[in-house]
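Subject: Handing over the structure

Hi,

Here is the structure I promised to send over. Please open it alongside this email, and I will take you through what turned up.

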Amino acid sequence: MINKVNGVLPGKPLGVGYPDNARTLPLFGLLQSVVYDRLAPEAVPGLDFENLLLLSQEMGTAEMAAYLLTRFTKLDTVLSQIDVEDAIDLTDNYPVRMSLVRVLRQFGDGAAPKLIELADGEEKSVAIEAVRAMGQLADEATMKYLVKAASKGDVHRRQVAIGALGGRDKGEAIVVKKLKELVGESNSWLAATALESLVFHANDDAVRFASGWLSSDEYYRAYKAMGVLSRSDEGKAALQVFADANKGTARGRDAAITLDPSIEERTTPRATPEFAKAQSYQTKLLKLTTTRGEVVIAPSTEALYAVASFFELAEAGKMDGMIWQRVIPNFVAQAGLVADTSTDDWGSIREEWFESDHRVGTMGVATAGKDTGSTQFFINTAHNIHLNNRYTVFGHVISGMDAAFALEEGDVITKAELVDAN
């Protein structure tokens with residue numbers, strides 16, 4: 001059984017970073033070396049995973065140790081499920097609890113009772129992780145829970161539950177029936193998530209629905225349909241026909257990129273502005289009026305040229321009408337999809353990693369590879385440590401974070417403007 005270390009420590013609020021100390025920096029270094037490899041414990045034979053779990057309870061190392069654990073697979077071979085559950089219960093640090101829930105899901109169906117308990121909890125971020133984890137299980141109790149959670153309640157929990165249904169055993173009748181029903185949802189985000197999940201259970205039906213969405217009046221639905229079609233040979237064929245018939249249009253370009261993502265990497269560098277011009281934007285704030293309310297962003301002092309590019313984008317009116325096309329609860333809300341070709345020639349910018357701690361509320365440059373950032377950006381809705389030193393941070397939200405947390409896919413930036421910081 002895991003014991004309290006120095007008592008139950010008060011959790012840090014979301015967005016507070018980890019301290020630079022001799023015990024934390026090695027953990028961060030290890031995280032950077034394994035972050036995208038998804039290694040099993042035997043790949044790092046000298047690492048004491050039980051001690052890492054203990055460190056998730058200590059001041060200073062808690063968030064980093066718990067986060068590091070999430071980057072490994074097969075943790076059920078080196079950790080006790082009881083110890084992981086105890087560690088979840090012994091801390092009120094929500095980022096740590098979120099990470100440990102991701103660890104708990106590796107224990108399979110035996111974790112179901114605890115996950116259901118956490119999913120019914122009051123802390124939304126932890127509940128969302130518990131619901132998401134159920135997508136990797138196969139027991140009847142969590143199946144029933146997901147079907148119910150997908151049907152009613154908070155939209156973010158519903159979306160995660162619908163996505164989790166996509167991970168359940170292929171072709172289960174109750175899942176297919178529910179997903180077909182949800183494809184007809186009036187909420188486009190929920191409908192699109194149901195369509196994406198349906199691919200794994202009844203692809204022929206998913207292709208049929210998606211083909212109909214390509215000509216939807218709502219650009220977001222057409223865009224999501226493209227991703228669904230790209231997952232099968234039949235769908236790719238339909239998507240190729242659409243791309244060929246719509247060359248020169250935004251939808252045609254998005255269809256071509258869906259079929260060949262490398263197109264986004266073929267960018268022309270944007271001309272670097274004069275230093276004085278870039279510096280002038282430090283006295284400005286970027287105000288985004290969105291479907292969910294206003295979000296105000298202050299510029300980073302360490303990424304002058306990324307700031308200049310995005311603030312110029314707003315000045316030119318090219319952020320107006322942008323769609324939030326990628327929203328993953330407890331991760332990011334990303335915007336930049338446009339229903340025309342007005343930003344196609346904006347050009348790419350170089351990375352600026354001087355200030356790169358992706359805390360809650362920071363703004364990152366979305367890329368398709370190094371130095372390919374252009375007009376797409378994201379707001380971190382969790383402390384995404386694994387993005388550090390990989391994506392440029394060019395600003396941070398100073399007001400309207402509630403609106404940012406409330407964003408759904410398909411929401412729109414109705415107006416972007418620069419205002420004086422004073």
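In which helix is Arg102 found? Arg102 belongs to helix 5, the run of residues 94-104. Before going further, please keep in mind that this is a predicted model.

Is Arg102 buried or exposed? Its relative accessibility comes to 19%, and the cut-off for buried is under 20%, so Arg102 counts as buried. Once neighbours within four places in sequence are set aside, the contacts of Arg102 are Thr70, Glu129 and Asn330.

Helix 5 also has a helical packing partner. Helix 3, residues 62-69, packs against helix 5 at an angle of about 20°, and the two axes are 8 Å apart. Angles under 35 degrees count as roughly parallel, and helix 3 and helix 5 are therefore described that way. Their crossing is left-handed. From helix 3, the residues taking part are Ala62, Glu63, Ala66, Tyr67 and Leu69, and they meet Pro95, Val96, Ser99, Leu100 and Val103 of helix 5. Sorted by class, the residues of this contact are 8 nonpolar, 1 polar and 1 charged.

The axes of helix 8 (residues 140-151) and helix 9 (residues 155-165) come within 7 Å and cross at roughly 135°. That angle makes helix 8 oblique to helix 9. The crossing of helix 8 past helix 9 is left-handed. On the helix 8 side you will find Met143, Leu146, Val147, Ala149, Ala150 and Ser151, which meet Arg158, Ala161, Ile162, Ala164 and Leu165 on the helix 9 side. This contact of helix 8 with helix 9 holds 9 nonpolar, 1 polar and 1 charged residues.

What is the order of its strands? This open sheet has 8 strands in the order 3-4-6-5-7-2-1-8, and the pairing is antiparallel. Strand 3 (323-328) and strand 8 (413-420) are the edge strands; each has a single partner strand, so one side of each is left without a neighbour in the sheet. From one strand to the next, the twist averages 30°.

Strand 6, residues 377-380, is a handy place to start looking at the pairings. Phe377 and Ile379 point one way from strand 6, Phe378 and Asn380 point the other way, and all of them are buried. Strand 4 (residues 332-337) runs antiparallel to strand 6 and is joined to it by 4 bridges. Opposite Ile379 of strand 6 you will see Ala333. Strand 5 (residues 362-365) is also antiparallel to strand 6, with 3 bridges joining them. Here Val365 has Phe377 in strand 6 as its bridge partner.

Going on along the sheet, strand 5 pairs with strand 7 (residues 393-399) over 3 bridges, in the antiparallel sense. Met363 is bridged to Gly395 of strand 7 in this pairing. Strand 7 and strand 2 are antiparallel as well, paired over 4 bridges. Gly395 of strand 7 turns up again there, standing opposite Pro299.

Strand 1 and strand 2 form a hairpin, with 2 residues between them.

With a relative accessibility of 29%, Tyr305 counts as partly exposed. Leaving aside neighbours within four places in sequence, Tyr305 is in contact with Thr272, Pro273, Phe275, Ala278 and Glu352. Tyr305 and Thr367 are 62 residues apart along the chain, and their C-alpha atoms are separated by 15 Å.

Conventions: Residues are numbered from 1 along each chain as its sequence is written. This is a predicted model: local features need pLDDT of at least 70, side-chain atom pairs count only at pLDDT 80 or more; totals for chains, interfaces and linings use all residues. Side-chain values use heavy atoms; hydrogens and water are left out. Axes are lines fitted to C-alpha atoms, for helices over the stretch in contact, and angles run from 0 to 180 degrees between N-to-C directions. Angles under 35 degrees count as roughly parallel, over 145 as roughly antiparallel, 65 to 115 as roughly perpendicular and the rest as oblique. A crossing is left-handed if the near helix is turned anticlockwise from the far one by less than a right angle, and right-handed if clockwise. Contact means heavy atoms within 4.5 Å. Ala, Val, Leu, Ile, Met, Phe, Trp, Tyr, Cys and Pro count as nonpolar, Asp, Glu, Lys and Arg as charged, and the others, Gly among them, as polar. Buried means under 20% relative accessible area, exposed over 50%, partly exposed in between (1.4 Å probe, protein chains only). Two strands pair if DSSP finds at least two bridges between them.
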